Amino acid sequence: MQRYSGFGLLKHALSYHEQWQRVWRNPEPKKQYDVIIVGGGGHGLATAYYLAKEHGITNVAVIEKGWLGGGNTARNTTIVRSNYLWDESAALYEHAMKLWEGLSQDLNYNVMFSQRGVYHLCHTLQDLRDGERLVNANLLNGIPNEMLEVDQLAREIPALNCSKNTRYPILGATVQRRGGVARHDAVAWGFARAADSLGVDLIQQTEVTGFKITNGVVEGVETTRGFIGANTVGCVTAGNSGVMAGYAGFELPVESHPLQALVSEPIKPVLDCVVMSNHVHGYCSQSDKGDLVIGAGIDGYNGYGQRGSYNIIEHTLAAIVEMFPTFSRVRMNRQWGGIVDTTPDACPIISDTPVKGLFFNCGWGTGGFKATPGSGNVFAATLAKREAHPIAKPFSMFRFHNGALIDEHGAAAVAH
C-alpha cells in the first residue's frame, strides 16, 4: 500500500486529484474474454475477484451500465448476518460470514466490517417459539446464536423501549453477536481494486443490450460499445435479472420490487448494534457517522422506481418510534429506494440456464449485501468449473420445476 509523508499529502491535495494514483484502470474492452460478468455491483465484482484469485482466470471483463457499485450495493442498509433456518441457506450465508471476517485483510482494503450484533425482537409467544427454533437450528449447524430474555435485552440496549405498556410489548429476542454491518461502497471499491490488480477489466458506462446465442450456446454480449465475445457469461444484475433473462429467450421466476430505506441526521452514539422487528416491521442501526440507518421490507407492488413514497416512510418511522421513542424528534436526512429481485421461496438463484455457457446469480431479495463475498466465491467456482459449487447446488433455477424449494420466509424476519 502506498504511503505519503505530510509533505506528500499536501502536494497531492494541491494537485486536485490530477496526480493521484488511480484505484483501478479504465480499459477499452477487448474483442474476446474467457469470462464476462454482467453487472458491476458487489456480487459481480466479488465474482471477478475470486475467479482471478482462486481459479487463475484473469481474462475477465466486468461490464457495468453505470458506475461500479452504483446500483443496489449503494442502495442498501449494510446488514450482515448468517442466522438462517434451513441448512441450505445457513451454509451459504455462513460461508459468506467467514469470508467477511477476513475480508479487509484479504483485499488489503478496509471494508469497515463491524461485528456489533444483530438482534431480532420477539413480541408474541409465536415469535418466541420461532426464535427458539431458529437458535436451535443454527446451533445444530455450528452457527452461534442466542435467545435473550427481555431483562437482559433491556440491559444490553438501553435505548430500546422494553416497557410492558407499549402497543407491541417485547418478550425477548434472538441475537447473533457475529452479525453486524459493513461499509457498502468500501466493499465495492475493495473488490474492484483487488480484481483490477489481478488483471480483470472493469468496463463502466457500457450497457449490455442482448446476448449472442447460436444453437443454444452463448458466444458473448451485445453492448452499447459493440459486441464483446466470451464462451462463459455470468449475469449478476440484481433488480434487472428478469429483463436480462428475456434477452436470452427464457423466463426467470423473479419479481422486481422497490425497497426503501432512509437515514437521519447525525446524532451522538446511542445504538451500538442492529435491532430488527418483524412484528412492527422495521429495523435500525447507527452508522459510524452517527446517522440512524432505517428500513423495513419490500414494497408490495412490482416496479423499477428508485424514488421513495410517503406512505412507506410513515409506516417505517412509526415502527422505529414504537421501538425507540427517544428517536421521535430526530430529523430525517435523506431517503432512497433500490430494486430487488424476489423469488417464490425467498432464496437466491445461482444457476446454469437453458443457454449453455450462460449463468445467472440473482433473486437475493433484500438479503444480497450480507452474502456478497460468499455469493461471489461460489459463483466464481461455478463459472470456472461449469458446474455448481456444492453450496450453490440447492439454488438452481430448476428447483422451481422439480419442487425442491427452500422456504426461508419464516427465518428472514423483515427479509433482511
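In this predicted model, strand 4 (residues 118-122) and strand 6 (residues 172-176) run antiparallel and are held together by five bridges. Within that pairing, tyrosine 119 sits opposite valine 175 of strand 6. Both strands belong to an open sheet of eight strands, ordered 5-6-4-13-14-15-12-16, with mixed pairing. Strand 5 (146-149) and strand 16 (332-342) make up the edges, each pairing on one side only. Going from one strand to the next, the twist averages 20 degrees.

Turning to the aromatic rings, a search of the whole structure comes up with nine aromatic pairs. One of them is the edge-to-face pair of tyrosine 93 and tryptophan 364, with 6.0 Å centre to centre and 90 degrees between the planes. This pair ties together distant parts of the chain: tyrosine 93 belongs to helix 3 (residues 87-100), while tryptophan 364 is in the loop between strand 18 (358-362) and helix 10 (372-385), 271 residues apart. Tyrosine 93 counts as buried because its relative accessibility is 5%, and tryptophan 364, at a relative accessible area of 11%, is buried too.

Helix 3 and that loop also supply another pair, tryptophan 100 with phenylalanine 369, and again distant parts of the chain are linked, this time 269 residues apart. Here the ring centres are 5.4 Å apart and the planes meet at 45 degrees, so the pair of tryptophan 100 and phenylalanine 369 is tilted. Tryptophan 100 and phenylalanine 369 are both buried.

Elsewhere, ring pairs join Tyr49, Tyr50 and Phe191 into a cluster. Tyr49 and Tyr50 come from helix 2, where they are among the buried residues, along with others including Gly42, His43, Leu45 and Leu51. What about the length of helix 2 (residues 42-55)? At 1.5 Å a residue, its 14 residues should span 20 Å, and the end C-alpha atoms, 19 Å apart, agree with that. Just past the end of helix 2, glycine 56 adopts a positive phi of about 65 degrees.

Lysine 212 lies over the face of phenylalanine 227, 5.2 Å from the ring centre.

Technical notes: Residues are numbered from 1 along each chain as its sequence is written. This is a predicted model: local features need pLDDT of at least 70, side-chain atom pairs count only at pLDDT 80 or more; totals for chains, interfaces and linings use all residues. Side-chain values use heavy atoms; hydrogens and water are left out. Rings of Phe, Tyr and Trp (its six-membered ring) pair if their centres lie within 6.5 Å; planes under 30 degrees apart count as stacked, over 60 as edge-to-face and the rest as tilted. Helices (H or I, at least four residues) and strands (E, at least two) are DSSP runs, numbered from the N terminus. Buried means under 20% relative accessible area, exposed over 50%, partly exposed in between (1.4 Å probe, protein chains only). A charge sits over a ring if NZ of Lys or CZ of Arg is within 6 Å of the ring centre and within 35 degrees of the ring normal. The expected span of a helix is 1.5 Å times one less than its number of residues. Two strands pair if DSSP finds at least two bridges between them. Axes are lines fitted to C-alpha atoms, for helices over the stretch in contact, and angles run from 0 to 180 degrees between N-to-C directions.
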